[in-house]
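Dear colleague,

I am handing over the structure that we spoke about, and my notes on it follow below. Please read them with the model open beside you.

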Amino acid sequence: MTDQYAVIGNPIGHTKSPLIHGIFARERAQDMSYTAIEGPLEPAGAFADVVRAFAASGGKGINITAPFKLEAFAMSDERSERAELAGAANALKFENGRVLAENFDGIGLVRDIEVNLGLRMEGRRVLLLGAGGAARGALLPFLAARPAEMVMANRDVTKGLALAAQVSGRGPLVACGYADLQRLGRFDLVVNATSASLTGDLPPVPPSVFSGQGTAYELAYGKGLTPFLRLARNAGVRGVADGVGMLVEQAAEAFLWWRGVRPATSAVIDQLTVPLA
Ligand code: ATR
């Protein structure tokens, strides 16, 4: 029987996941289907019921997108360490009646930066903007890439400080507010993991953090030159990227986890890339 997978979110019309996994499946000759499910926003518990029904009807795994990543995490029986730190799951696997939770957003981001963009993070100065779910997912994979220094800036500094305490011993993470960035010099990599771009806003990051030789990375994708990327461009940064590569790489990690084979990603990234202008 054809193995069934899906992505669940609400809204879900915009999702590229069925296209991406469809290409992966063809390329890797996997007998699987991958559909999109609009998850219920209410009543409480309805989301978990839909996921359990999908698993009961032969579903092998499911990707989770907004706003269900926390609920997916909460309903799981086993969680990876990165899902644990993020407090959120973006992929589930159903195995022997159990629900396993993973979060591949951060590792997908690191692979896009290191493999696709060719920027090794080891020994570099890295600035991560935001301390919400997206930033938490990136934290452990970033520290594992051994940057010389990693700074997390957030409007609410207490959130960043709590995260830094949680990962102490895993790498050189310093948490601060945006005003502190004025005196912290230039960074090789600046990643916007805030949700500001979703509303067309700009985090209050000073242009002094950017280096002409460095890279600015926007987690949002398909939004063209966001205010953050425009600020970086105006500050002289040549390497600007949005999250399309991260989207495809996190999908590849989930595919590998589910199917045991790694799909090629570069052709899919090329297909989905919208020029930043
Ligand atoms: P997500 O899961 O998308 O990360 P989230 O957990 O709600 O969403 O976190 C949103 C993040 O974006 C937070 O770090 C938030 O900063 P605060 O914690 O200080 O609120 C950040 N954020 C949202 N809008 C922002 C803006 N206009 N400027 C700067 N940071 C912003």
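The centres of domain 1 and domain 2, taken over C-alpha atoms, are separated by 25 Å. Domain 1 comprises 3–103 + 245–272 and domain 2 comprises 106–242, bounds that come from an automatic or database domain assignment. The contact between them (heavy atoms within 4.5 Å) takes 13 residues from domain 1 and 19 residues from domain 2.

Before going further, please note that this is a predicted model, in which local features need pLDDT of at least 70 and side-chain atom pairs count only at pLDDT 80 or more, whereas totals for chains, interfaces and linings use all residues. Residues are numbered from 1 along each chain as its sequence is written, and side-chain values use heavy atoms, with hydrogens and water left out.

Between domain 1 and domain 2 an area of about 1500 Å² is buried, with carbon and sulfur atoms giving 60% of it; buried area here is the accessible area (1.4 Å probe) that two parts lose on being put together, summed over both. There are 3 salt bridges between domain 1 and domain 2, a salt bridge being a side-chain nitrogen of Lys or Arg within 4 Å of a carboxyl oxygen of Asp or Glu. Arginine 170 and glutamate 81 form a salt bridge in which the closest N and O atoms are 2.6 Å apart.

The count of residue pairs in polar contact between domain 1 and domain 2, both at pLDDT 80 or more, is 6. A polar contact is a pair of N or O atoms within 3.5 Å; within protein, one must be able to donate a hydrogen and the other to accept it, and residues adjacent in sequence count only if both atoms are side-chain atoms. On the side of domain 1 that touches domain 2, helix H4 (81–86) and helix H9 (244–259) each supply at least two residues, and the largest share of that side, 6 residues, comes from H9. The helices (H or I, at least four residues) and strands (E, at least two) are DSSP runs, numbered from the N terminus. By class, the residues of this side of domain 1 divide into 5 nonpolar, 3 polar and 5 charged, where Ala, Val, Leu, Ile, Met, Phe, Trp, Tyr, Cys and Pro count as nonpolar, Asp, Glu, Lys and Arg as charged, and the others, Gly among them, as polar.

**Arginine 259 in H9**

Helix H9 also holds arginine 259. The side chain of arginine 259 makes a polar contact of 2.8 Å with that of aspartate 3 and another of 3.0 Å with that of tyrosine 5. Leaving aside residues up to four places away in sequence, arginine 259 touches Asp3, Tyr5, Gln30, Asp31 and Met32.

In helix H2 (residues 46–56), Ala46, Phe47, Ala48, Val51 and Phe54 are buried, buried meaning under 20% relative accessible area, exposed over 50%, and partly exposed in between (1.4 Å probe, protein chains only). The buried residues of H2 pack against E1, strand E2 (32–38), E3, H3 and E5. After H2 comes glycine 58, with a positive phi near 105 degrees.

In helix H6 (residues 133–144), the buried residues include Ala135, Gly137, Ala138, Leu139, Leu140, Pro141, Phe142 and Leu143.

**Backbone points to check**

Arginine 146, in the loop between H6 and strand E8 (149–153), has a positive phi of about 60 degrees although it is not a glycine; at 56% relative accessibility, arginine 146 counts as exposed. Asparagine 96, likewise not a glycine, has a positive phi of about 50 degrees, and its place is the loop between strand E5 (91–95) and strand E6 (98–102). Asparagine 96 counts as exposed because its relative accessibility is 77%.

Two cis peptide bonds also deserve a look. The bond from asparagine 10 to proline 11 is cis, with omega near 5 degrees, and proline 11 sits in the loop between strand E1 (3–9) and helix H1 (17–27). Alanine 66 and proline 67 are likewise joined by a cis peptide bond, with omega about 5 degrees, and proline 67 belongs to the loop between strand E3 (59–64) and helix H3 (69–74).

With best regards
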